[in-house]
Amino acid sequence: MGPRLASFGFVVIGVETNSRNDYDTARGTQLLAALDYLTNSSAVRDRVDRNRLSVIGHSMGGGGALYAATQRPSLKAAIGLAPFKPSGNLASDNVPTMIIGGINDSTVTPSYLDGLYPTLPAATPGAYIQLANADHLYFTRPNDIELRSQIEWLKIFVDNDTRYTQFLCPSIKDATGIVRSTVKCSTIPSGGSTPPPSPSVPPSSPPPGPQRILGSQSGRCVDVPTPPTTTAPECSSMTATARPTSSGTTPRASS
């Protein structure tokens, strides 16, 4: 997922949970900590637009992404992949939220997501998609169908690129592999024909001293200079993304 999202110009940071027993609240907190590190301390902090951040997660990590959205309404987008959110519903979620599930998922079942998605406030942009022949682990394997919808959502709400609205509204243009879907088109910006302008940011010097952020269980993560002093989340079922700068433009970030 990371390389594919990055190919569309997003800065992507993948994190694992500190413990496999962490619930959605802990995982959402870890996602936000990853974004804070990315925008405040990382080597690419001057290439990330801190005003355009988003979160993505799978399973309990998906619930974490949705929890993060309820805690930080300044996020531009949240995507839950077969999300499980035991901490509660989405009544306080004001962040544009996409939920993608698998019709054959016996862990986070379609009926569970059928009940979760409608709790999103009416005024909050939302989309709910069920994929054909997809079980719970479908989202851990590379596939174009899942990523196609994610990219459209991120481009619209993180990039402000309304040229992508046409692929979701008035109905999903390419429904290959999709069993059913619902998109709140009245809450999604109307389609445009030109790319949005990118703001510029002054460059800053990256922090010295390459080090490594390690997950507390797996011992693996991503090489970055000068990690934060607090315990870093592991790299696994959660992703944060941002936009890299090019020719003086600012990248957007997504987790």
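Trainee: Is Cys169 buried or exposed, and at what relative accessibility?

Mentor: This is a predicted model, in which local features need pLDDT of at least 70, side-chain atom pairs count only at pLDDT 80 or more, and totals for chains, interfaces and linings use all residues. Residues are numbered from 1 along each chain as its sequence is written, and side-chain values use heavy atoms, with hydrogens and water left out. Buried means under 20% relative accessible area, exposed over 50%, and partly exposed in between (1.4 Å probe, protein chains only). Cys169 therefore counts as buried, at 14%.

Trainee: What pLDDT does the protein chain average?

Mentor: The pLDDT is the predictor's confidence in each residue, from 0 to 100. Of the residues, 76% score at least 70, and the chain average is 82.

Trainee: Over which residues does the model have 28 contacts beyond four places in sequence, with pLDDT under 50?

Mentor: A contact means heavy atoms within 4.5 Å. The stretch with 28 such contacts and pLDDT under 50 is residues 245–251.

Trainee: With which residue does Cys169 form a disulfide?

Mentor: A disulfide is a pair of cysteine sulfur atoms within 2.5 Å, and the count by this rule is 1. The sulfur atoms here lie 2.1 Å apart, and the partner of Cys169 is Cys185.

Trainee: Why is the disulfide of Cys169 and Cys185 left-handed?

Mentor: The handedness follows from the torsion about the S-S bond of Cys169 and Cys185. The disulfide is left-handed because this torsion is about -95°.

Trainee: How many residues apart in sequence are the parts that Asp36 and Arg72 tie together?

Mentor: A salt bridge is a side-chain nitrogen of Lys or Arg within 4 Å of a carboxyl oxygen of Asp or Glu; Asp36 and Arg72 form one, with the closest N and O atoms 2.9 Å apart. Helices (H or I, at least four residues) and strands (E, at least two) are DSSP runs, numbered from the N terminus. Asp36 lies in helix 2 and Arg72 in the loop between helix 3 and strand 3, so the pair ties together parts separated in sequence by 36 residues.

Trainee: Which kind of aromatic pair do Tyr138 and Phe139 form?

Mentor: Rings of Phe, Tyr and Trp (its six-membered ring) pair if their centres lie within 6.5 Å; planes under 30 degrees apart count as stacked, over 60 as edge-to-face and the rest as tilted. The count by this rule is 5 aromatic pairs. For Tyr138 and Phe139, the centres are 5.5 Å apart and the planes 85° apart, and the pair is edge-to-face.
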